[in-house]
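Here is a short tour for someone meeting this structure for the first time. Have a look around before reading on.

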Amino acid sequence: MSDTAHGIGGLTFDASKRDWPPEAGVAIALVLITAAFEILGRMLYGESFLFNTREGVEGLFNTQRLQVIILQVSIIGIISLGVTQVILTGGIDLSSGSVVAMTAMIAMSFAQVGDINGIPNSRAVFFDSGWVNLPVILPVLIALAVGLCAGLVNGAFVAYTGIPPFIATLGMMVAARGAAQWWTAGQPVSFPTESYAAIGGGMMPVAIFVGLAILFHLILKYTVYGKHTYAIGSNEAAARMSGINVRRHKLMVYAMAGLLTGIAALVLSSKNLTAQSGMGLMYELDAIAMAVIGGISLQGGRGSVLGTVLGALIFGVIISGFTFLKLDAYYQEMVKGTIIVGAVILDQWRQNRVAKKM
Amino acid sequence: MSDIQTNISAADVNHVDGHPGKVILRTEGLTKHYGGVHALVDCDFEIRKGEHVAIMGDNGAGKSTFVRQITAVEQKTSGKIWFDGAYRDFGGPLEAREAGIETVFQNLALADHLDVPDNLFLGREKVLFNLGPFSILDYKGMREATLRGLEKTGVKIPNINNTIQYMSGGQRQCVAIARTATFHSKLTIMDEPTAALGVQETAQVENIIRTLKEQGEPLILISHNMRQVMELCDRIVVWRRGRVCANLNVAETTGEEVVAYITGAKTQAQYSSAA
């Protein structure tokens, strides 16, 4: 026992002893994967993946491709922001895809027009009740409410019955899909009002995704809600002994995930101009995959919104890259599966290495 | 509840063991049943300001159960608790902590993926604006309070902004102990703080306990380590099968005598019901 290990005022702040942010690895992976597509594209087809090589078009980058990359992941990305929080508490949410379908069906049915080119839209769900051409705020609020309720039910089962989140949300996954079909007896809901269609039009999904990502980055990093989310995932018993109301907090986290799923349903149905009971299939798995690729630990307590956003971008780059390389869709799915498993293995390997170094 | 004595001024006058400080914690008839298991039966206990009291006893004697009742991690079956001069009935661990009872649990109760200030302030974060669950955290304030707490206990940690998952057992224990110093607690409870530590780390924790003693901070120490108890504490209370069976001044007893009480070979006359 020497004085170096125990002494008053012996506090140091060695910058070199600071942990590497886990997002750094994900960012490097994103750069490497993009570079790989760039090189393969130039080798195989003599085309650039990232840069603008077309005649008569201004700009350094292939902006069209960049837009597609982010647009195609932004809706599942919104779901992934909620799933990230659930996984951070050590849980899982399998219900997102079905809740998207249920929410979209219900919300869209309150957003239908009364007539199409002068002909009455008699197939509108609430045509007979006269609930057509309603102000856009109504379907928006309904979508948020339906998503929130689904999340609250998930959260209540997880927090207050003690059944595993896997089972609770699996139940919701099946039930919500059923509800989506029941709502219109399986019929798709189409012809939304112009203002409803504007929600997911153009690059709006990207704007909403980025806006929500920034909001939840700030919430998770700078608020008590965020701190408790990490604490519960890291050591639930410690969180409870420290006086955190673990049950209430879990309820809030699942409700938040439901709310974000509701927003995703709104954007998706608006972008597609239709809602079908089969929509959002497998979205839950893609959302979980984005989070996992982004370094969110399935054990809970570790990861960040920034990681999830980077994970979503990797996802988008891979899908675009495969299309760019003219690879069959079958291969895409197989490679996607491999990447998800690979990301978890890599993360575990990295954790062990850090542990040994210390 | 008119039969409950709402202050303990009378106890202040009555210096049973000659210790001059005022009574900080007193329990009367504290009892805890888990179904049919009587884990804690009719426990009377008292600790005064500046006093370091050891709780000893075999596994299952009721030591940890006693701690869980006074810290309100569990709700007592019956009995009364006075703390800091008033009758208290804590609804949960946060209430007990806010009143000034700070506990270093056997399993540490730290969140691995959070850094040192986050762990110190877990469950009672400092906030800049109060917006319910979305209150904005005061990182700077928590960091400064953490530094003061670490300095007070003399704990040295390379970088308090690192997550604690790769810290040594000793460092983690120090973080848990520093939590007590940061909050100017009125009573510190340590449940086997050195059970999992090496020789050097144990010495480090014992130094922190000595620092607390010099500062006049009262401490309840649960330990199996006879040398440690004899060196660091003023008084030993022995538990056996859920009951208190001895209350000994360290200066007037020996290790052999304490062992006799723990094993059941001896029982003090005033605790004859525990025999």
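Which residue of E10(B) is the bridge partner of Ile189(B)? The answer is Ile220(B). Keep in mind that what you are looking at is a predicted model.

## The sheet in chain B

Let's start with the big picture around that pair. Chain B has an open sheet of 6 strands, and its order is E6-E9-E10-E3-E11-E12, with mixed pairing. At the edges stand E6 and E12 (243–249), each with a single partner strand, so one side of each is left without a neighbour in the sheet. On average, neighbouring strands here are turned by 20 degrees against each other, direction ignored.

Now for how some of these strands pair up. Strands of a sheet pair through backbone hydrogen bonds, and they can do so in a parallel or an antiparallel way. E3 (residues 52–57) and E11 (residues 235–240) of chain B go for the parallel sense, over 5 bridges.

## Strand E9 and its partners

E9(B) has a parallel partner in strand E6 (residues 101–104) of chain B, with 4 bridges between the two. There, Met190(B) of E9(B) is the bridge partner of Val104(B). E9(B) also pairs with strand E10 (residues 219–222) of chain B, again in the parallel sense and over 4 bridges. That is where the opening pair, Ile189(B) and Ile220(B), belongs.

How many of the 5 residues of E9(B) are buried? The count is 5 of 5, so to speak a strand that is mostly covered. In a regular strand, side chains alternate between the two faces of the sheet. In E9(B), Leu187(B), Ile189(B) and Asp191(B) point one way, while Thr188(B) and Met190(B) point the other way, and all are buried.

## Helices across the sheet

Follow the chain from E9(B) through H7(B) to E10(B) and you have traced a right-handed β-α-β unit. H7(B) lies across E3, E9 and E10 of chain B, and runs at about 135 degrees to E3(B). Another helix, H9 (residues 255–263) of chain B, lies across E3, E11 and E12 of that chain, at about 25 degrees to E11(B).

Zoom in on Thr202(B), which sits in helix H7 of chain B. Is Thr202(B) buried or exposed? Its relative accessible area is 10%, so Thr202(B) counts as buried. Setting aside neighbours within four places in sequence, Thr202(B) is in contact with Thr194(B), Leu197(B), Arg227(B) and Gln228(B).

## Salt bridges

Side chains of opposite charge can pair when their charged atoms come close. Over all chains, the structure holds 22 salt bridges. One of them brings together the side chains of Asp84(B) and Lys186(B), at 3.2 Å from N to O. Asp84(B) is in the loop between strand E4 (78–83) and strand E5 (86–88), and Lys186(B) is in the loop between helix H6 (169–182) and strand E9 (187–191), so the pair ties together parts of chain B that are 102 residues apart in sequence. Both ends are partly exposed, with relative accessibility of 29% for Asp84(B) and 36% for Lys186(B).

The salt bridge between Glu102(B) and Arg97(B), at 3.7 Å from N to O, has another setting. Here Glu102(B) is buried at 2% relative accessibility, and Arg97(B) is buried at 9%.

A further salt bridge joins Glu231(B) and Arg210(B), at 3.0 Å from N to O. This pair links distant parts of the chain, with Glu231(B) in helix H8 (residues 226–232) and Arg210(B) in helix H7 (residues 199–214) of chain B, 21 residues apart. Glu231(B) is partly exposed at 46%, and Arg210(B) is partly exposed at 31%.

## A helix in chain A

Over in chain A, helix H10 (residues 246–272) has 27 residues. From its first C-alpha to its last H10(A) reaches 39 Å, close to the 39 Å expected at 1.5 Å a residue. Of its 27 residues, 21 are buried, so H10(A) is largely enclosed by the rest of the structure. Just after H10(A) comes Leu273(A), which takes a positive phi of about 60 degrees.

Definitions and conventions: Residues are numbered from 1 along each chain as its sequence is written. Chains are lettered from A and ligands numbered from 1 in the order in which they are written. This is a predicted model: local features need pLDDT of at least 70, side-chain atom pairs count only at pLDDT 80 or more; totals for chains, interfaces and linings use all residues. Side-chain values use heavy atoms; hydrogens and water are left out. A salt bridge is a side-chain nitrogen of Lys or Arg within 4 Å of a carboxyl oxygen of Asp or Glu. Buried means under 20% relative accessible area, exposed over 50%, partly exposed in between (1.4 Å probe, protein chains only). Two strands pair if DSSP finds at least two bridges between them. A crossover is right-handed if, with the strands pointing away from the viewer, the path from the first strand over the helix to the second runs clockwise. The expected span of a helix is 1.5 Å times one less than its number of residues. Axes are lines fitted to C-alpha atoms, for helices over the stretch in contact, and angles run from 0 to 180 degrees between N-to-C directions. Contact means heavy atoms within 4.5 Å.
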